[in-house]
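I opened this entry to keep a record of what I looked up, region by region. The structure comes first, and my notes follow.

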Amino acid sequence: MLRLLSRVFASIPIEGNRKAAAAHRSICPAASVCSGFAVNPIMEPKLYRAPPEVRGMTSLDKEAFTQTITVPALRVPTGVLNKVVKSLRKATIQRPGVPRVVQDKEESSDFRLVLLDPHRVSSPSSFSEAEAEALRSFSVAEELQYYELRLTYHNLKSEEVLEAVLPQGQDVTSGFSRVGHIAHMNLRDHQLPYKNLIGQVIMDKNPGVTCVVNKTNMIDSTYRNFKMEMLAGEENMVAKVKENGATYEFDFSHVYWNPRLSTEHQRVVQLVKRGDTVFDVFAGVGPFAVPAARSGANCLANDLNPESHRWLQHNCKLNKVEKKVRTFNLDGRAFIRGPVRQELPALLEGKASVHVVMNLPALALDFLDAFRGLLHQQPCCDENLPTVHCYGFSKDDNPEADVTERASHSLGFPLKDRCSVHFVRNVAPNKDMMCVSFTLPKEVLFSGDHEHTEPSAEPAPKRQKCEEATDSTQS
């Protein structure tokens, strides 16, 4: 009879585990142990297998994801319940919104069922020696019960929902950049038919996200921002974020902000000491200038984008450093040839360090020529020359050598063995963001190369433009 029962259960077709569970109840309605033989119902290799009808869904129907599955459980006396759960923390079920402890089938107040992860526990022998010893010490029988668990959309992870909906064999992404309440995605072409569903899922599964946007490939080239489309939620683009102890507010649809640069901002700011001066050529909304000013530096911060300049001023006030930061709304070369040139002579005579930050990786290396012949009268000593931190993208097999060579070409002076190159991050396949730092050579600063002193105005899109549309990390 026992062998017959085993063959019956082995032949039951899998259909959301409903039929298997029903057959199991009809043979052993009270418990999973029948005449001392533990009957194991068939369980899916995955804890959740989505109903096939959700495949290709473009308008989210949350009810369609509901499914009942069978999971193993232990019947535990309530007196030792907390100790058992703690001892089995690696074996219990881990699922959003799903309790690990449920009412006993017999509704006894003396027992509860502890739900187990079927990937981790398939039989009593699945318990580790430490777990088995804990169960014995608490007088808990290692006989497995089986519990019908109802999973709904709310118990699923975002990647599970998207994997069930998108066409099989295609990339499934649930990744995004978080900018305050905004989730910023960079969807691929095959995902666009499902973009609104994807946006709704991301918003549902990430507390605090109330707006989901997708970057389009249309570049607003002049001011380093990009066009985006709303996928889900409220159309409120004014974000509030915290980074390295400072608070920033800005309209994300009109300025540039990348949360993945937090570590790099901190790295450079830590090089700045109280009393130093920082020239931030492409300041954005202030991720370099504001924390530098908070650390006691004097800052001159510039950005060509009027919206970035406005929010830069706002963030200086928000962080109470408006007296330490002078802001400018100029082209990068005009800033170097104007305010930087005016301030440098006196700073070179002092003892405090001078830093020039140029974070526009698509073009900043080309702006280095603005330093050629910037000053005419060489000071009596050259011990306090500015330190430049200039960013650039590289697709070269040797990105360190590549950015060094390009910086040298722009300066008209060799930087090999005179600079350090820091890898910032990989922004796309075969594309790295690098930072080259060097002391501005006196041969460049006082070169007498006056042909660049008053450069002719370039078209605005070439002066300062957004990073390439293929840079997937602007998401």
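Before reading any accessibility value I wrote down the terms: buried means under 20% relative accessible area, exposed means over 50%, and partly exposed is what lies in between, with a 1.4 Å probe and protein chains only. I also noted that this is a predicted model, in which local features need pLDDT of at least 70 and side-chain atom pairs count only at pLDDT 80 or more, while totals for chains, interfaces and linings use all residues. Residues are numbered from 1 along each chain as its sequence is written, and side-chain values use heavy atoms, with hydrogens and water left out.

Entry 1, the whole chain. I looked up the secondary structure and found 13 helices and 19 strands, where helices (H or I, at least four residues) and strands (E, at least two) are DSSP runs numbered from the N terminus. Of the 475 residues of the chain, 51% count as buried. I then turned to contacts, where contact means heavy atoms within 4.5 Å. Among the contacts in the chain with a separation of 6 or more, 71% come from residues 24 or more positions apart.

I took a nonpolar core to be a set of buried Ala, Val, Leu, Ile, Met, Phe, Trp, Tyr and Cys residues joined through side-chain atoms within 4.5 Å. The largest such core has 44 residues, and those with the most contacts inside it are Phe250, Phe252, Trp257, Cys299 and Tyr391. Helix 8 (residues 289-294) gives the most to this core, namely four residues. I found a second, separate core of 38 residues, which includes Phe335, Ile336, Phe367 and Ala370.

Two packed helices are described by the angle between their axes and the distance between the axes. Axes here are lines fitted to C-alpha atoms, for helices over the stretch in contact, and angles run from 0 to 180 degrees between N-to-C directions. For helix 5 (residues 158-165) and helix 6 (residues 195-205) I read an angle of about 160° and axes 9 Å apart. Helix 5 and helix 6 are therefore roughly antiparallel to each other, since angles over 145 degrees count as roughly antiparallel. On the helix 5 side the contact is made by Ser158, Val161, Leu162 and Val165, and on the helix 6 side by Leu197, Ile198, Val201 and Lys205. I sorted these contact residues into six nonpolar, one polar and one charged, with Ala, Val, Leu, Ile, Met, Phe, Trp, Tyr, Cys and Pro counting as nonpolar, Asp, Glu, Lys and Arg as charged, and the others, Gly among them, as polar.

I found Lys157 in the loop between strand 6 (145-151) and helix 5, and at 38% relative accessibility Lys157 counts as partly exposed. Leaving aside neighbours within four places in sequence, Lys157 is in contact with Arg95 and Pro96.

From Leu411 to Leu440 I read 9.2 Å, C-alpha to C-alpha, for 29 residues in sequence. Leu348 lies in helix 10 (residues 332-348) and counts as buried at 4% relative accessibility; Leu348 and Pro386 are 38 residues apart in sequence and 8.0 Å apart in space, C-alpha to C-alpha. Lys442 lies in helix 12 (residues 442-445) and counts as partly exposed at 32% relative accessibility, and its C-alpha atom is separated by 7.4 Å from that of Leu385, 57 residues apart along the chain.

I looked up Asn244, whose phi is near 50°, a positive value in a residue other than glycine. Asn244 lies in the loop between strand 11 (238-243) and strand 12 (246-251) and is partly exposed, with a relative accessible area of 32%. Asp417 also is not a glycine and has a positive phi of about 70°. I found Asp417 in the loop between helix 11 (399-411) and strand 18 (419-428), where Asp417 is exposed, with a relative accessible area of 74%.

Conventions. Parallel < 35°, antiparallel > 145°, perpendicular 65-115°, else oblique.
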